[in-house]
Amino acid sequence: YVYKRQHQKIMKTNSKNLRELVRKELNPVYLFFAEESIQLTSLTDLVLLAAKDSNFDEKTTYVVSKDTDWSFLDSNNENLDLFGSKKIIEIKLLGSGPGNKGSKAIKEYSLVPDPNKLLIISAEGLDKKSQSSVWSKSLEKNGIMVVENPIPLNSMPKWIQDQAELSNMKVENEAAILLSEKTEGNLLAATQEIMKLSLLYPDKEIGLEEMEACISNLSLIHI
């Protein structure tokens with residue numbers, strides 16, 4: 001779910017609507033929680049696409065470890081940018097939170113976000129307590145937080161259809177069920193097949209016949 005705090009009012013929507021949300025307005029901060037990297041990549045790509053249209057051309061990615069120097073969030077440590085160039089800062093948390101130093105840096109940054117920066121924090125495999133931690137709550141006040149739950153097998157066909165829709169493609173129920181069975185809950189494999197389908201059948205509804213033709217070699221790949 002997505003939570004946005006604006007003028008003391010919280011707007012709630014689901015991640016499927018994030019595309020329209022970022023088209024209307026870019027927030028200074030985005031915080032994404034998910035179990036799998038492919039879920040985070042999907043969310044991040046939507047923001048990056050909108051950011052490009054808003055002239056955010058430079059992106060720096062930080063993969064957080066216990067030795068991370070968080071001074072990159074301190075605007076006092078940067079040289080004055082006379083041209084006011086817009087920059088994207090992407091922070092990746094893998095399996096654990098930002099730690100004490102990182103939490104402090106994030107909280108301080110969230111109080112006065114830099115208008116020429118777009119902060120995207122993706123948290124992969126963090127426990128549920130992290131979603132209500134002080135640092136995540138401080139970000140939520142000035143941006144958008146999305147929590148992507150794990151996709152159970154019985155929800156895979158619907159997830160496949162939603163992902164296909166993001167690629168402007170419609171997948172029929174039977175076709176989505178077949179792809180779900182063949183990929184056995186592997187979101188990355190399913191995403192790759194959806195991308196292949198979008199290239200093979202642009203602007204066409206994907207039925208059982210098209211899906212069978214596309215994934216006929218999938219079982220051979222897994223052998």
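These are my notebook entries on a predicted model, from the whole chain down to single residues.

**Entry 1: the whole protein**

I started with the overall counts. I found nine helices and seven strands in the protein. Of its 223 residues, 43% are buried. I then looked up the contacts with a separation of 6 or more, and 75% of them join residues 24 or more positions apart. The protein exposes about 13,100 Å², and carbon and sulfur atoms supply 49% of that area.

**Entry 2: helix H3**

Next I picked helix H3, residues 99–111, and checked its length. At 1.5 Å a residue, its 13 residues should span 18 Å, and I read 19 Å between the end C-alpha atoms, which agrees.

Which residues of H3 are buried? I listed Gly102, Ser103, Ala105, Ile106, Tyr109 and Ser110. They cover an arc of only 165 degrees around the axis, so they sit on the same side of H3. On the face turned away from that buried side I noted the exposed residues Asn100, Lys101 and Leu111.

I also wanted to know what the buried residues of H3 pack against. My entry here is strand E6 (117–124) and helix H4 (134–140).

**Entry 3: the nonpolar cores**

The largest nonpolar core has 21 residues, and I marked Leu73, Ile91 and Leu119 as the ones that touch the most other members. The elements giving two or more residues to this core are strands E3 (29–34), E5 (86–94), E6 and E7 (143–147), together with helices H3 and H4.

I followed Leu119 further. Not counting residues up to four places away in sequence, Leu119 touches Pro28, Val29, Tyr30, Leu73, Ile89, Ile91, Tyr109 and Leu139. Tyr109 was already on my list of buried H3 residues.

Apart from this core I found another one, of 20 residues, with Ile38, Trp159, Ile160 and Ala190 among them.

**Entry 4: Ile194**

Is Ile194 buried or exposed? Its relative accessibility is 3%; buried means under 20%, so Ile194 counts as buried.

Which residues is Ile194 in contact with, once neighbours within four places in sequence are left aside? I wrote down Ile160, Gln163, Ala164, Ser167, Met169 and Leu179. Ile160 is a name I had already noted, as one of the residues of the 20-residue core.

How values were computed:
Residues numbered from 1 in each chain as written. Predicted model: local features only at pLDDT ≥ 70, side-chain atom pairs only at ≥ 80, totals over all residues. Heavy atoms only, no water. Helix = DSSP H or I, 4+ residues; strand = E, 2+ residues; numbered from the N terminus. Expected span 1.5 Å × (residues − 1). Buried < 20%, exposed > 50% of the residue type's maximum accessible area, 1.4 Å probe, protein only. Arc of directions from axis to C-beta. Contact = heavy atoms within 4.5 Å. Core = buried A, V, L, I, M, F, W, Y, C linked by side-chain atoms within 4.5 Å. Areas by Shrake-Rupley, 256 points an atom, 1.4 Å probe, with all protein chains shown as cover.
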